[in-house]
Every structure is written in structure tokens, then in C-alpha cells.
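Here are some notes to read beside the model. Keep the structure open and check each point as you go.

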Amino acid sequence: MGAQQNQEVKQSWIPKKERLWVFCAMAVSTIYVIWQIWSLFHLPSTALHNRSFEHTFKNYGSNARIALFVVLANYVLALIIKQRIWTKLATLKKGLVMLLRIAKKFHAAIAILAIALITLHAVAVFMYGFKWDFNNISGLLALIVLLPVPISGLFRYKRLDKKWHLRCGLAFAVLFLIHAFL
């Protein structure tokens, strides 16, 4: 009984099967963010308010959008698979289950990369000039709602999050979709 309690105490926050992908994503994201922020801060001030710089920060946002769709696929596929219509379409369900396994395996790693791209997007927007319009306010709200998502994701591994990861993630997804497409 004492050995089992010691094993529970020594258990890491990130499961062993995901640890390699998460740490690699953290390393790649950190290096990429530092490199890109260094490049952004070394641009001449005339380039910051140029139309070509606007494409730079929009590219960060577009790449983050693609990564977030992969992250959100985890939830969408799980919801689709739970539907009752799959009794007649068993082969299609097997393919969806395979996609769900892949989405679950890379969910945290791709989410870390997406957060890095979102950070770069936000920094570049503030460097370009933040205007109080609908698009920027919706993006700022999405960024604020995103802050507790990775923290609650860590608690999710220990089953201590009380569904905060899902709630904050869904709130972020709604605000993100409003920001990206309206």
C-alpha cells in the first residue's frame, strides 16, 4: 500500500506517452517565439506601420488558426463519434476513431505551437498599433480567455480541472471564431 502511494506522489503532471511531444513543442515554440520577437524588435520603425507589416502579423494569426482547427478537431471528432448514426457506417466510424486518436495524441503539442503563434500575433498587432475596433477587441477578449486554458489543461491531466479546460477552451473557440471570421 505504501509503494502505491509513493508511485501516485511521484507521477508527473504530463503523462509519459505525451511528454516527448509536449517538451519538443515547448522547445520549438520557445525558440521560434524568441527568434521572431527578436526580428520584430529589430525592424526599422518605418516598417512597423507599413502595409507589408500588416501581412506579417496576419500570417501569424492565419497559421495559429490552422493549428487551432487541429486542436479543436479533438472535441469535434469525439462529439461526432458519440452520435448514434454510426451503426450503419461502421467503416467510416473506424476512420474517424483513427483520426481522433491522432488528434488526441498531438492535441497538447499543437496547442502549444498555436499559443506561440497567437503570442506572436498579439505582439505584432500591438507593435503595428492597436485600434479599439471590433476585430481587435474580439481578439483581445479571446486572448484573455485563452490564458487559463493551458493552466487548466495541466490540471486536466490530474483530473483536477472540474471541466474548466473544456469551458475555457470552448469560450476561447467561440471568441476566436468571432475574431477570425467576422
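1. A term to start with. Helices here are DSSP runs of H or I with at least four residues, numbered from the N terminus. With that in hand, look for Asn136: this residue sits in helix α6. Keep in mind that the model is predicted.

2. Is Asn136 buried or exposed? Buried means under 20% relative accessible area. Asn136 has a relative accessible area of 15%, so Asn136 is buried. Leaving aside residues up to four places away in sequence, Asn136 touches Val125, Phe130 and Lys131. Ala122 lies 14 residues from Asn136 in sequence, and their C-alpha atoms are 9.6 Å apart.

3. The overall plan. How many helices and strands are in the protein chain? The chain has 8 helices and 0 strands. Read from the N terminus, the order of elements is α-α-α-α-α-α-α-α. The C-alpha trace spans about 65 × 50 × 25 Å along its principal axes.

4. Contacts and cover. The protein chain has 182 residues, and 32% of them count as buried. Take the contacts with a separation of 6 or more: 74% of these join residues 24 or more positions apart. The accessible surface comes to about 12,500 Å². Carbon and sulfur atoms own 69% of that surface.

5. Helix α8. This helix covers residues 164-181, which makes 18 residues. From first C-alpha to last it reaches 25 Å, close to the 26 Å expected at 1.5 Å a residue. Which residues of α8 are buried? They are His165, Cys168, Gly169, Phe172, Ala173, Leu175, Phe176 and His179. Look at the spacing in that list. An α-helix has 3.6 residues a turn, so residues three or four places apart point the same way. The cover over the buried residues of α8 includes α4 (51-81), α5 (90-128), α6 (134-146) and α7.

6. The salt bridge. The count is 1 salt bridge. Lys58 and Glu54 form it through their side chains, at 3.2 Å from N to O. Why can such a pair form? Side chains of opposite charge can pair when their charged atoms come close. Lys58 and Glu54 are 4 residues apart in helix α4, so about one helical turn separates them.

7. Cysteines. The disulfide count is 0. Cys24 is partly exposed, with a relative accessible area of 38%. Cys168 counts as buried, at 13% relative accessibility.

8. A nonpolar surface patch. Which residues form it? They are Trp13, Ile151, Leu154, Phe155 and Leu160. Together they have about 480 Å² of accessible area. Ile151 belongs to helix α7, which runs over residues 148-157.

9. Phe23. This residue is in helix α2, residues 16-41. At 44% relative accessibility, Phe23 counts as partly exposed. How far apart are Phe23 and His49? In sequence they are 26 residues apart, and in space 36 Å, C-alpha to C-alpha.

Note on methods:
Residues are numbered from 1 along each chain as its sequence is written. This is a predicted model: local features need pLDDT of at least 70, side-chain atom pairs count only at pLDDT 80 or more; totals for chains, interfaces and linings use all residues. Side-chain values use heavy atoms; hydrogens and water are left out. Patches are made of residues with over 30% relative accessible area and no salt bridge: like charges are joined within 9 Å, nonpolar side chains (Val, Leu, Ile, Met, Phe, Trp, Tyr) within 5 Å. Accessible areas come from the Shrake-Rupley method with a 1.4 Å probe; for residues, only the protein chains shown count as cover. A salt bridge is a side-chain nitrogen of Lys or Arg within 4 Å of a carboxyl oxygen of Asp or Glu. Helices (H or I, at least four residues) and strands (E, at least two) are DSSP runs, numbered from the N terminus. The expected span of a helix is 1.5 Å times one less than its number of residues. Buried means under 20% relative accessible area, exposed over 50%, partly exposed in between (1.4 Å probe, protein chains only). Contact means heavy atoms within 4.5 Å. A disulfide is a pair of cysteine sulfur atoms within 2.5 Å.
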